[in-house]
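Take a look at the protein shown here. The report then walks through its parts.

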Amino acid sequence: MGDLIELLSEALPTGAVITDPDVVTSYANDMASFCAAGTPAVVVLPRTVEQVQHVMRTATALRVPVVPQGARTGLSGAANATDGCVVLSLVKMDRVLEIDPVDRIAVVEPGVVNATLSRAVAEHGLYYPPDPSSWEQCTIGGNIGTASGGLCCVKYGVTAEYVLGLDVVLADGRLLTTGRRTAKGVAGYDLTRLFVGSEGSLGIVVRAVLALKPAPPAQLALAAEFPSVAAACEAVRNIMARGHAPSLLELMDATTVRAVNSMAHMGLPESTEALLLAAFDTPDPAADLAAVAELCRAAGATEAVPAEDAAESELLLQARRMSLPALERLRPATMIDDVCVPRSRLAEMLDGTTAIAREHGLTIGVVAHAGDGNTHPVVCFDPADPDETRRARASFDAIMALGLELGGTITGEHGVGLLKKDWLAREAGPVAMELQRGVKAVFDPLGLLNPGKVLDPPA
């Protein structure tokens with residue numbers, strides 16, 4: 001321990017090496033439930049690429065594991081510490097280094113907050129689409145590490161589609177540059193995509209080249225009420241089948257609607273069994289919303305009301321953003337799932353989740369990025385009640401199994417981390433897991449980078 005602190009301090013500025021036990025412990029975990037966290041030996045907060053390289057060279061020399069972290073808003077345990085590790089927090093590397101309106105790129109450090117980047121590029125008439133719900137807190141490095149998504153994915157896609165190139169510090173301290181700054185490029189294996197979603201297990205992202213888009217017009221939204229989840233999902237099917245391109249298509253089940261009403265008194269209809277929110281940022285969003293409203297009514301919507309302006313649209317979307325805080329008030333703890341299924345199976349996923357809640361005697365609210373089939377069942381439980389905790393964990397596993405049965409995936413945007421390692425093996429199969437372990441061994445032969453996350457170490 002003494003050698004580690006002394007060697008780290010040799011090339012890190014005053015205040016960048018934290019050893020105070022209370023402060024160190026505060027960096028132990030992210031926001032996931034049911035994920036163990038160890039006690040770090042030390043927390044370091046570098047500000048430069050060279051300082052990150054020094055940390056990795058020191059860790060390699062002493063064979064000390066390193067757990068990279070951003071804002072720790074993740075929901076899979078990917079940022080949880082292991083006993084005796086170096087927590088490498090990248091939040092101080094928070095500069096937007098370049099915004100280029102001609103090439104439509106931004107070059108950023110990993111600690112830049114998503115919303116900060118979005119506002120910075122907006123000043124140039126540009127748009128960075130990936131917008132996780134935690135966009136006011138989460139960092140670009142964390143978004144890259146977990147391949148995060150957001151509300152706009154139905155039209156604009158996920159983080160992986162906007163990462164053009166990376167600078168990555170490898171486990172032994174070498175600096176690797178991947179990808180490009182150009183609009184096109186296919187030279188060699190796509191190492192950039194390999195790092196996106198790797199959860200810090202292959203290298204430390206210290207700089208990213210991100211693609212930008214022209215800023216779209218302000219979006220207009222619509223709220224449609226349905227007497228059943230099946231009717232709402234039928235509307236989703238029809239909207240997508242008719243070729244519409246909403247900038248947002250979100251679904252809230254009855255449990256979530258009532259929770260939001262209870263918390264925020266928004267006047268949402270208590271009688272609805274599913275609330276569908278659609279938005280368009282097209283040149284004529286009113287016409288698009290009118291067409292979607294007709295499709296919703298044809299599917300059985302009792303109401304389909306377009307907003308009249310951007311302010312009213314924002315009020316509608318506030319209800320969706322309040323979903324998680326509202327559900328968190330129902331019980332002392334929540335476990336947030338993240339299962340993505342084909343759009344054609346969305347109703348089966350939601351109805352199956354309702355049946356699982358009933359079977360286990362739990363409250364489970366569901367919000368979904370309905371346009372891309374990404375559901376977020378939120379299991380509400382009391383961790384002080386052992387039986388309720390057991391049922392919560394059992395319901396989580398049942399939801400995972402249901403997603404795979406429906407041809408889906410165990411995670412659409414939250415990542416694997418600690419929470420879903422066993423389920424990754426079930427989804428990927430033995431051949432894929434063997435190859436993934438081989439990739440890990442090439443980049444991190446000593447197994448020091450975020451050990452125990454995504455993949456178990458070789459037996």
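## About the model

This is a predicted model: local features need pLDDT of at least 70, side-chain atom pairs count only at pLDDT 80 or more, and totals for chains, interfaces and linings use all residues. Residues are numbered from 1 along each chain as its sequence is written, and side-chain values use heavy atoms, with hydrogens and water left out.

## Overall build

The protein has 16 helices and 19 strands. Both are DSSP runs, numbered from the N terminus: helices are H or I with at least four residues, strands are E with at least two. The radius of gyration is 22 Å, close to the 23 Å that the globule rule gives for 459 residues, so the protein is as compact as a globular protein of that length. That radius is taken over C-alpha atoms, and the rule is 2.2 Å times the number of residues to the power 0.38. Along its principal axes, the C-alpha trace spans about 70 × 60 × 45 Å.

Of the 459 residues, 54% count as buried. Buried means under 20% relative accessible area, exposed over 50%, and partly exposed in between, with a 1.4 Å probe and protein chains only.

Strands of a sheet pair through backbone hydrogen bonds, either parallel or antiparallel. Here five strands form an open sheet in the order β5-β6-β10-β8-β9, with antiparallel pairing. Strands β5 (96–100) and β9 (175–179) stand at the edges with a single partner strand each, so one side of each has no neighbour in the sheet. The twist averages 10° from one strand to the next.

Two strands count as paired if DSSP finds at least two bridges between them. Strands β8 (residues 163–169) and β10 (residues 204–211) pair over six bridges, in the antiparallel sense. There, L166 has A208 in β10 as its bridge partner. Helix α3 (residues 49–62) lies across β8, β9 and β10, and runs at about 140° to β10. Axes are lines fitted to C-alpha atoms, for helices over the stretch in contact (heavy atoms within 4.5 Å). Angles run from 0 to 180 degrees between N-to-C directions.

Is strand β14 (residues 274–280) mostly covered or mostly open? It is mostly covered: seven of its seven residues are buried. A274, L276, A278 and F280 point one way from β14, while L275, L277 and A279 point the other way.

Strand β12 (residues 220–226) pairs with β14 in the antiparallel sense over seven bridges. L220 has F280 as its bridge partner in β14. Strand β13 (residues 248–253) also runs antiparallel to β14, joined by six bridges.

## The nonpolar cores

A nonpolar core is a set of buried Ala, Val, Leu, Ile, Met, Phe, Trp, Tyr and Cys residues joined through side-chain atoms within 4.5 Å. The largest has 59 residues, and F226, I239, L251, L276, C296 and M349 touch the most other members. Helix α8 (residues 229–241) gives the most to this core, with eight residues. A second, separate core of 32 residues includes Y128, L170, V205 and F443.

## A loop residue

S148 sits in the loop between α5 (140–146) and α6 (153–156). At 7% relative accessibility, S148 counts as buried. Not counting residues up to four places away in sequence, S148 touches P132, N143, V158, T159 and E413.
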